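Here are my notes on this entry. Please read them with the model open.

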Amino acid sequence: MGLMGGLKSPTNPFKKKSAEEKKQDAEQLERIAKKEKEHTIARLGLKPEDADATVTSKERPVQRDTRKKTVKTIKVKPAGGSSDASSPSSPQKKRKKKKKTKLDPKGEYARLKELEEAALAKDLDDGLETLEMDSSGEWHDCVRCMEDAQLRTLIGDNGEYLCHSCYWSLHSEVARREQMGDEAHEKEVPEGEECRSCLDQGYLRRCCNEFYCHKCYLRTGYCPGCNQKNNTRGLGGNKEDPGIYWVMSTWALSTAYVFFIFIMTLLVVYNEYHLPETIWGYKCYGFFPKCDMDICVDLGGEPREGIKSASEYQFCDLQNTVNKIRGKVCVYDEELFKQSKNTLGYDFCYDTKDGAQQSQDEFKNGVYVFEDNFDYWKNKTDYSRESILLASANWATMTNAQVTDFCGVNQLPGDKNYPAIGPDTKYGEGALVFSGVIERQAVTVPLDMRNGGTVNFHLKFAPIVENEDDTRCKTAFGGDVHLEYSVDLGESWVKFGSYIVHNFRYETFGAVEEEIPLRAYSNQTMFKWDQPYFEDKRDYWALDDIVIFHRFDGNWRDSGPFLEKKADSDEKIQVAQCCFETEQCENNPSTFLNEEEDCAGVEGWTEGRKYVLRGADAYVIIASLLALCKFTYNFAVLMLTDGDVVIDKFLKRYMPRSCRRKKTAAMFDFQQKPDDEPPPGMLAEGSFQCVCHPKFRKIMTIVFLAPWVIAQIWMMSVTGGYTVYQPFVSYGNEASAEESTFADQPAYVEPDGEATTSSGFVVFLCMTMDMANIFWLSKHVFCLWPAWVPEVSIDTNPRNNWLRVGKQKIVLTDVKEIHRFSKRFCQYVTVLYILGGMPWCSITMICKGFWFTYEKARVVEGVFGFLACFRAFFGAAVFAKFHFAMEFILSLNNDARDDMGLSMRIEKVRYLAFYCFLAVSVSVGLIISTYYYHSKTHSFFSAIICGIFGAIYGTALGLLQGLPTQPQFFLTRWPDEGHTVQYEKKIHCPCIFYCAYCSDMHTRQGYLVLFLDNMQSYQELLKGDVGGQLEDM
């Protein structure tokens, strides 16, 4: 209707005017006509001289627009062009469609000018007021733009003064209904019914089955009978104010997200530059690895020969090992460590890069040449070399000493790797107790101490008791003990340690460490513990856990022998890594190894190329499991919401025709069931065609298929035949206490079972997952096959009121906003979708075939593997989703923050935060208590901290689900500018909560983009502006 909409005022006529008043009215009319002319010229883009040359009302008789104004309805017509007269759903006569005519701008301006002046003249003759004048004859300004305005009685409680432009832009639905009047409803309701509010002519409102006039029904935007929103569109509504609390919470969430990303990046970089380094130059494996395993390795020779290479490590043996390498180790190759049954892939930590733990965990640069813990004596009452099972307990002589526990046993701290050792647990069978008369002493054999070292032991004097007759450990009142050395095979002794009784007369043993004097440096140094003065029946004392440590030369890691050993160790370890094809294998095993010769001596190696799950294979398996879990969840939701429809379509497709249900006319009576689809061959008026470019389809087909084909050929060429397995160890399956106590090595636990698969199956998973994502994008985004192009139609019938895109129906009341986007934005989104269709799984497997160094391989394979898992979890549109999510998370726009605040207010945000907190805290608590248990407090607080991060993730997830971050683009043509439709995608779940709880949890905000043949009509129908469509009916 343009300028003519609303010229006729609904108020009562004026009283009889005088000649002067009529003259004033005529002048006012001239001003109105001039303003309307300027408005029309500006809208049509004409020049004033062109407008003056057009046809005016003086040259052509005035014509009044008498066309009947009706609501646009959806009518159907047979697809074949003819209709059956007997069919109840087909029209009796074929309606002749009027030919559309397109006016030029000058002709349109002339026609509107004629209609305008005719209407103004008619109103003046009838004594009616004009648009800008109220019943008192006063002029008012628009409350929005200060232009001449009219009182709009249907807005608010007492009306509001708005000009024509503001009225139609802000309240288009109300203006349209006021303009169309009562003709749209005159056939729907019986005459004579009165409005329940004002007793004027009323009309049936289907929301409450009551009668109300248009003025009362549309005044507040809500039905006065049931208080239901009566707008038939979701557009044009005013946004709510979320409140400062919710807006600030979105800022806090964004800050927490940025802080989390920053901290994680910092931790990754810090971890990379602070990985502990081992003796042979390896770096410990994992994220913040610790040197927390105590290992004993046989030196295998004299101390001057130095340590063996990492490939020749042998664990200490009780009866054969004399010189021992003890210290904290870490694993530098997890796969090699597991597959070799814990015999390879570990090394002593040389530089932990942690100042606080440096003195405890780093290698001590030496060898233990003597050790006795007095737990392996056959004859405990009398010393002889044959009675000691421990080969490193090299005693020369002992006098008045026996191994017993009546004076106590030294207690060692517990260690997680040794279940037999725990807090306050007595480790061993006894200590060396000295009693008797004349002499009490113990002397070692000559030891090699040319580079010096230390003597460590635990000492205890018998404590004071009330009744000495009740104890076998007699109280020591005197009798200090001395530690001496000799470099001349015992001819002379030099004291370098003295221990007073009252300093060690306690219930527990006291630790002692003495540095060996420089004069004691020799290759035949002997040590003696002696108590020269004592009472025969008293002054008992005991020794336990004696070790003598010999240092290596100060520059032993730079010496020639060590460097030669290092080169030999690197080569042998690389062979072992390639035999098991671990991530740290830097050479192709098929060309680098002769497996029968090179791998035969590697512990744990078996013929047949069977490897533990690792690297690229692990990423592909994890991505497949994520995709399977997501498919299972989506299928369960689909069956709960539309299970009957899915089953019916399945039966129609695969059931034999003889078993199918016969069709009846009731199936096509879709007018009685507005939610049903139209019958085959029936198309609704107002349907639209997607603009498709064949060349664009061909190019996109090549863009997707070419990388996929190349990746598959490459992947199959670099992936050989092998088997991967993942061992499973049940809870409680641990090494025995005896094995952990007497073997100074990490206890190997035999797995309860293992899951195996072949490399061919992994390759098949890569091909399937990559093709599945390409197929989804080809069908749902780029519509590369003509049958995949969706049919688009809009049904404005109040009973339907939906936008149909293919099989999806969007209720028009759920359409929230329409925005325009640029061509560059469309190109950017297209690139994001193309990235989602790249063969990331296959690329991950291909990277394994390059045989990078471990430092490069774990980064390259990790990046591509992460992309594959990320896409498997979030779908092929993951990059587009991530873009829209980051636009809100990192936005500084106030309007975007208001939208986030409104989304934060949704109740499901709190539900998701609670569920994620509960799931993460419980799962992490179980994992920590099972594998990393230290204490109840440690497990509890670790679970709570991880649960807080889970709650933050749940909050962000719920927030983003309430924002338009779910893109639904139909890119059927070259990227170009267009419009996006933001809508609310609701899922109705038939559960015990009556669709409220589950439906809210699964509701999303969609982002629809279509390229149609008639975008102008498409937008007008979405906005509810059907006035411009009446001429085409």
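**Notes on the model**

1. Start with residues 758–777. The chain there is 95% helix and 5% strand, and its end C-alpha atoms are 29 Å apart. Helices (H or I, at least four residues) and strands (E, at least two) are DSSP runs, numbered from the N terminus.

2. On provenance: the model is predicted, with local features needing pLDDT of at least 70, side-chain atom pairs counting only at pLDDT 80 or more, and totals for chains, interfaces and linings using all residues. Residues are numbered from 1 along each chain as its sequence is written, and side-chain values use heavy atoms, without hydrogens and water.

3. The unreviewed UniProt entry annotates "transmembrane region" at several spans, among them 758–777 and 828–851. Such annotations may be inferred rather than shown by experiment. Residues 828–851 are 75% helix and 0% strand. The end C-alpha atoms of that span lie 34 Å apart.

4. Helix 7 (residues 244–273) meets helix 22 (residues 894–904). Their axes, lines fitted to C-alpha atoms over the stretch in contact, come within 8 Å and cross at roughly 100 degrees. Angles run from 0 to 180 degrees between N-to-C directions. Helix 7 is therefore roughly perpendicular (65 to 115 degrees) to helix 22.

5. Which residues make the contact (heavy atoms within 4.5 Å)? Helix 7 gives, among them, Trp 246, Trp 251 and Leu 253. Helix 22 gives residues including Arg 897, Asp 898 and Met 900.

6. Five strands form an open, antiparallel sheet in the order 12-15-20-17-18. Strands pair if DSSP finds at least two bridges between them. Strand 12 (395–399) and strand 18 (494–499) are at the edges, each with a single partner strand, so one side of each lacks a neighbour in the sheet.

Notes
Parallel < 35°, antiparallel > 145°, perpendicular 65-115°, else oblique. Contact = heavy atoms within 4.5 Å.
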